[in-house]
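The sequence and the structure come first.

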Amino acid sequence: MHLLALSGSLRAGSFNTSALRALQKLAPGGVAVEFYEGIGALPHFNPDVEMSALPESVADLRWQVAAADGVVIACPEYAHGIPGAFKNALDWLVGCENFPGKPVMLINTAPRASHAQAQLAEILKTMSARMVPEAGVTVDLREADAMSTLQAGLAAFVDACRQAAGMALG
Ligand SMILES: Cc1cc2nc3c(=O)[nH]c(=O)nc-3n(C[C@H](O)[C@H](O)[C@H](O)COP(=O)(O)O)c2cc1C
């Protein structure tokens, strides 16, 4: 099984990116978590560009999403919203024909932040993602139980992705 990890933060010392990197190490045998590096390099979303010549970076993002059994998102809150760079990536994915039905796990690394998580849930629902609420976790990486919480969320997500794949195969 192949999962794609998307971080909403471009910061080098990002807690969200750290949580996704930790997930790569926690993944059980047979599960690979690939970290998508290109969020900050995507051009600003423009429907005219989408309709004419799709930028290579966008085509690559869409290809990586299509190839994944599920997508794991860890995203911070900026000014009670989701960071512009991450919303930009999601806007490019609205036109990705493989996104609807894709299982999505949400990681929140800031227990006091709720606005960005609510917005993410609404946006992803609008994009017809298959949200997996039982896999959603809120973790403070400075706390001792953070790794076990992430591991439990990942286990629930892997189960949901297997079920979704089974349903897709009929
Ligand atoms: C411009 C800016 C705005 C922020 N706004 C909020 C906010 O509205 N609510 C909140 O809980 N944290 C807010 N924060 C704190 C960040 O969410 C927090 O630093 C988080 O750890 C950033 O994610 P990262 O560690 O993955 O980079 C803000 C930080 C910045 C730089």
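A salt bridge is counted here when a side-chain nitrogen of Lys or Arg lies within 4 Å of a carboxyl oxygen of Asp or Glu. By this rule the structure, which is a predicted model, has five salt bridges. The ligand sits in the largest pocket.

**Salt bridges**

- Side chains of opposite charge can pair when their charged atoms come close.
- One of the five salt bridges joins the side chains of Glu 50 and Arg 62, with an N to O distance of 2.5 Å.
- This pair links distant parts of the chain, 12 residues apart: Glu 50 belongs to helix H2 (residues 47–52) and Arg 62 to helix H3 (residues 56–67).

**Ligand surroundings**

- The residues around the ligand include Ser 9, Arg 11, Ser 14, Phe 15 and Asn 16.

- The side chain of Asn 16 places an N or O atom 2.7 Å from an oxygen atom of the ligand.
- Glu 77 contributes a backbone N or O atom, which is 2.7 Å from a ligand oxygen atom.
- At Ala 79 a backbone N or O atom is 2.9 Å from a nitrogen atom of the ligand.
- The protein buries 64% of the 630 Å² that the ligand exposes when taken alone.

**Positive phi angles**

- Most residues other than glycine have a negative phi.
- His 80 is not a glycine, yet its phi is positive, near 60°.
- Ser 128 lies in the loop between helix H5 (115–126) and strand E5 (130–131).

Definitions and conventions. Residues numbered from 1 in each chain as written. Predicted model: local features only at pLDDT ≥ 70, side-chain atom pairs only at ≥ 80, totals over all residues. Heavy atoms only, no water. Near = heavy atom within 4 Å. Polar contact = N/O pair within 3.5 Å; in protein donor to acceptor, adjacent residues only side chain to side chain. Areas by Shrake-Rupley, 256 points an atom, 1.4 Å probe, with all protein chains shown as cover. 1 Å grid on protein atoms, 1.4 Å probe; cavity = no way out; pocket = protein on both sides within 12 Å on 5 of 7 lines; lining within 4 Å. Sits in = over half its atoms within 2 Å of the grid points. Helix = DSSP H or I, 4+ residues; strand = E, 2+ residues; numbered from the N terminus.
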